[in-house]
Amino acid sequence: VQLQASGGGLVQAGGSLRLTCAASGRTSSNNAMGWFRQAPGKEREFVGRINWGGGTDYADSVKGRFTISRDIAKSTVWLQMNSPKPEDTAVYYCATAPTTGGVRTRPHYWGQGTQVTVSS
């Protein structure tokens, strides 16, 4: 499985940005997909995830501002970032695993990351 994350860039605080994660290879529509981020000098942290049925959950820090969606037929997942804050600046990664729990704790595959910079 290969994951390609894209859509990062520079965005003003309060604006919006949408990240895309395209999966290819031996993908499965049953897999859960997740988004993570890593800011300079910090550990990688969980942002949110979506299961095969479309159920989602998010880290408290982004809840109400970020939304994850997916198109199973296109093997694509999106992270819609609304009202981003400077503290959301990080490299964002997508990941996948066979289970919803596993995508948060033990992803099987990772994308290469896309930089998001939020200016104040």
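I'll start with R44, which lies over the face of Y93, 4.1 Å from the ring centre. A charge counts as over a ring if NZ of Lys or CZ of Arg is within 6 Å of the ring centre and within 35 degrees of the ring normal. R44 also lies over the face of W110, at 4.2 Å from that ring centre.

A word on the source. This is a predicted model, where local features need pLDDT of at least 70, side-chain atom pairs count only at pLDDT 80 or more, and totals for chains, interfaces and linings use all residues. Residues are numbered from 1 along each chain as its sequence is written, and side-chain values use heavy atoms, with hydrogens and water left out.

Now the rings. Searching the whole structure gives 3 aromatic pairs. Rings of Phe, Tyr and Trp, the last by its six-membered ring, pair if their centres lie within 6.5 Å; planes under 30 degrees apart are stacked, over 60 edge-to-face, and the rest tilted. F36 and F46 have ring centres 5.8 Å apart and planes at 75°, so this pair is edge-to-face. Strands here are DSSP runs of E, at least two residues long, numbered from the N terminus.

Buried or exposed, what is F36? F36 is buried, at 5% relative accessible area; F46 is buried as well, at 10%. The cut-offs are under 20% for buried, over 50% for exposed, and partly exposed in between, with a 1.4 Å probe and protein chains only.

Next, Y93 and W110, which form an edge-to-face pair with 6.4 Å centre to centre and 90° between the planes. The pair links distant parts of the chain: Y93 belongs to strand β9, residues 90-97, and W110 to strand β10, residues 109-110. Y93 is buried at 14%, whereas W110 is partly exposed at 34%. Ring pairs join F36, F46, Y93 and W110 into a cluster.

Last, a sheet. Four strands form an open sheet in the order β1-β3-β8-β7, with antiparallel pairing; two strands pair if DSSP finds at least two bridges between them. At the edges stand β1 (2-6) and β7 (66-71), each with a single partner strand, so one side of each has no neighbour in the sheet. How many bridges join β7 to β8? There are 6, and the two strands run antiparallel, with β8 covering residues 76-82. As for I68, its bridge partner in β8 is L79.
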